[in-house]
There are 2 protein chains.
Amino acid sequence: MTRVLVVDDEPQIVRALVINLKARTYEVDAAPDGATALELAAARHPDVVVLDLGLPDMDGVEVIKGLRGWTRVPILVLSARHTSDEKVEALDAGADDYVTKPFGMDELLARLRAAVRRAEPVGGGDGEVVVVETDGFTVDLAAKKVNRDGRDVRLTPTEWHLLEVLVRNGGRLVGQKQLLQEVWGPSYGTETNYLRVYMAQLRRKLEADPSHPRHFITEPGMGYRFER
Amino acid sequence: MTRVLVVDDEPQIVRALVINLKARTYEVDAAPDGATALELAAARHPDVVVLDLGLPDMDGVEVIKGLRGWTRVPILVLSARHTSDEKVEALDAGADDYVTKPFGMDELLARLRAAVRRAEPVGGGDGEVVVVETDGFTVDLAAKKVNRDGRDVRLTPTEWHLLEVLVRNGGRLVGQKQLLQEVWGPSYGTETNYLRVYMAQLRRKLEADPSHPRHFITEPGMGYRFER
DNA sequence: GCCCCTTTTGACGCGTTTCTGACGCCCCCG
DNA sequence: CGGGGGCGTCAGAAACGCGTCAAAAGGGGC
């Protein structure tokens with residue numbers, strides 16, 4: 001869940017933002033002044049900060065600098081000031097975006113999404129499992145590498161593809177038709193002999209005892225299953 | 001040097017931007033329409049794109065999508081449209097910022113700086129690798145230099161680009177399509193012969209025994225992998 | 001306008017991968 | 001106890017991808 005820190009001293013603005021953000025399943029913290037904002041940011045590590053420049057206790061730009069001292073969290077500045085100088089100052093202090101009041105909620109939310117999106121790490125595999133380990137070998141799905149007894153195992157494209165599908169469905173039974181179509185393409189639903197040949201290759205390369213497979217299990221008449 | 005791609009069909013705007021940007025030592029390319037923009041982006045790999053939405057040949061949002069298909073380069077949208085919907089659409093399509101015309105040059109430049117700044121790699125502490133060393137040669141990603149036996153190795157731009165992609169993905173397999181698109185541009189997904197030619201060049205220049213590569217590994221049918 | 005470096009393109013041989021058919025085994029079922 | 005379907009294994013044939021070389025085309029600098 002994305003966490004937002006809203007910093008503003010006007011309760012009605014905070015309320016409007018909080019309602020809209022929560023409705024879109026953001027997690028929201030709110031701070032009425034700069035000191036609280038810096039404190040909350042440190043304690044809660046928000047994914048994005050919405051910051052009003054007109055705070056009662058300190059200059060908004062100081063808040064930006066305070067944050068930038070230790071974090072690259074996206075900062076979206078809200079302000080009633082329209083002058084160019086104000087904007088330039090805030091942006092150069094480290095803000096990511098600057099929206100003038102009165103603002104449209106839709107636009108603000110879109111800018112928020114943009115700020116959060118570009119802060120996301122590159123690889124899609126965020127919480128995804130990338131390395132699968134068994135007692136005999138290790139499969140690294142990101143690097144497309146298979147390791148056995150400390151040495152890399154060479155797999156052909158088809159072998160790798162088949163392995164990938166099975167491992168990604170670890171523990172589950174994968175039907176022969178599904179397997180065939182995912183590896184060879186949608187028009188290959190019945191060539192089960194392909195499966196037999198390539199499962200044999202995989203077992204020969206990865207199983208300790210290929211004739212008594214412990215990880216690549218055949219479910220007769222149905223399909224195959226990868227077991228860790 | 002920071003490279004900017006300006007996309008606008010109004011010559012006077014382009015001129016104003018180019019003058020201001022060059023005065024601040026940016027390197028500037030300009031495109032009058034969407035097709036040229038996509039082409040130039042692929043060829044020149046700008047660090048930031050300034051994009052007018054009102055183009056003669058295609059919808060600006062399509063240009064955004066075209067870019068986002070293969071790159072995360074910051075996109076700063078310029079537009080005469082003030083409506084919230086337009087902004088939301090552009091931002092959600094992948095734009096990073098949205099400035100309405102007429103715009104203040106100071107503000108635009110500040111937003112440009114902000115966009116470039118946050119796209120910068122995490123410097124210093126966070127473990128961004130800049131120098132990669134193997135037993136045969138050293139690659140300095142920041143200085144764009146390769147050293148072998150104490151002397152610099154001359155690489156052509158394409159060779160360097162290819163090397164950079166491989167090294168940045170060190171240890172991971174990089175698919176041929178990905179490699180082609182990152183180095184030659186999004187429309188080059190299938191020209192695998194380019195890869196063969198340039199991998200051979202890299203090996204000849206960097207491998208101790210080019211015919212038995214130890215660092216630039218071919219994974220037949222899939223792609224290439226750089227191993228330290 | 002000319003020259004040189006880089007990029008693109010085409011052709012060829014070779015090794016590897018994929019496809020294909022044949023055979024025997026095992027297990028389930030009649 | 002016999003039959004059959006599904007599975008594993010093997011090996012040869014066809015197809016494909018890779019490395020290599022060389023020449024043409026392109027582009028930038030002088």
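Helices (H or I, at least four residues) and strands (E, at least two) are taken as DSSP runs, numbered from the N terminus. The model is a predicted one, in which local features need pLDDT of at least 70 and side-chain atom pairs count only at pLDDT 80 or more, whereas totals for chains, interfaces and linings use all residues. Residues are numbered from 1 along each chain as its sequence is written, chains are lettered from A and ligands numbered from 1 in the order in which they are written, and side-chain values use heavy atoms, with hydrogens and water left out.

Buried positions (under 20% relative accessible area, with exposed meaning over 50% and partly exposed in between; 1.4 Å probe, protein chains only) in α1(A) are A:Ile13, A:Val14, A:Leu17, A:Val18 and A:Leu21. These residues cover an arc of only 125 degrees around the axis (from the directions between the helix axis and the C-beta atoms) and therefore lie on the same side of α1(A). An α-helix has 3.6 residues a turn, so residues three or four places apart point the same way. The face turned away from the buried side carries the exposed residues A:Pro11, A:Arg15, A:Ile19 and A:Ala23. Contacts (heavy atoms within 4.5 Å) of the buried residues are made with β1 (3-7), β2 (27-31), β3 (48-52), β4 (75-79) and α5 (105-119) of chain A.

Within helix α1 of chain A, A:Leu21 has a relative accessibility of 2% and hence counts as buried. Not counting residues up to four places away in sequence, A:Leu21 touches A:Val4, A:Val6, A:Tyr26, A:Val28, A:Leu109 and A:Leu112. Just after α1(A), A:Thr25 takes a positive phi of about 60 degrees.

In chain B, helix α2 (residues 34-44) has B:Gly34, B:Ala37, B:Ala41 and B:Ala42 buried; these fall within an arc of 125 degrees when seen down the axis, so they line one face of the helix. On the other side of α2(B), B:Glu39 and B:Ala43 are exposed, while the cover of the buried residues includes β1 (3-7), β2 (27-31) and α3 (60-68) of chain B.
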